[in-house]
Amino acid sequence: FRRDYFNRYGTVPQTEAYIGYDVVQYFSKLMKDYGTRFQENIDQRDADYLHTKFDFERIPGANANIETGEPNIDHYENKYVHILKFEDYRFRPAR
C-alpha cells in the first residue's frame, strides 16, 4: 500500500489514507458478499486491516425484547479501540 500510494501521489500516506483504505476494503467486501443488505451482517466478520480492526456489535434499542430474543437493533458499534504508545521516539500500537 505504502509503495503504491507513494508512486501515485509522490508522498507517504498519512493516517487518514490508511483508515480510508481500511474502511473501503471492509465495506466493499461486505457489499460483495451480502449485496444491498450488507448492514444486517456487519457484525458477522471481524477483520484486521492495515491500520485498524473492525469488531462490530449490535446495540439493542430501548424497546428491545430480550426475553423473546427479538432485539430491536438501535445501531452497530465498532468495539475495537486503537490505542498507541510512544516508544523509542515513535507511536506504536499498544498490544
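The model is a predicted one, in which local features need pLDDT of at least 70 and side-chain atom pairs count only at pLDDT 80 or more, while totals for chains, interfaces and linings use all residues. Residues are numbered from 1 along each chain as its sequence is written, and side-chain values use heavy atoms, with hydrogens and water left out.

The structure contains 14 aromatic pairs, defined as rings of Phe, Tyr and Trp (its six-membered ring) with centres within 6.5 Å; planes under 30 degrees apart are stacked, over 60 edge-to-face and the rest tilted. In one of these pairs, the ring centres of F1 and Y21 are 4.7 Å apart and the planes meet at 45°, so the pair is tilted. F1 belongs to the segment before α1 (2–9) and Y21 to helix α2 (residues 15–34), so that distant parts of the chain, 20 residues apart, are linked. Helices (H or I, at least four residues) and strands (E, at least two) are DSSP runs, numbered from the N terminus. Y21 is likewise partly exposed, with a relative accessible area of 34%.

The rings of F27 and F54 form an edge-to-face pair, because their planes stand at 70° with the centres 6.4 Å apart. This pair also links distant parts of the chain, 27 residues apart, with F27 in helix α2 and F54 in strand β2 (residues 53–54). F27 is partly exposed at a relative accessible area of 21%, whereas F54 is buried at 6%. Both residues belong to one aromatic cluster, formed by Y26, F27, F38, Y49, F54 and F56.

F56 is also among the contacts of D43, which, apart from neighbours within four places in sequence, touches F56, R58 and Y76 (contact means heavy atoms within 4.5 Å). D43 is located in the loop between α2 and β1 (47–48). The side chains of D43 and R58 make a polar contact at 2.7 Å, that is, a pair of N or O atoms within 3.5 Å; within protein, one must be able to donate a hydrogen and the other to accept it, and residues adjacent in sequence count only if both atoms are side-chain atoms.

Definitions and conventions. Buried < 20%, exposed > 50% of the residue type's maximum accessible area, 1.4 Å probe, protein only.
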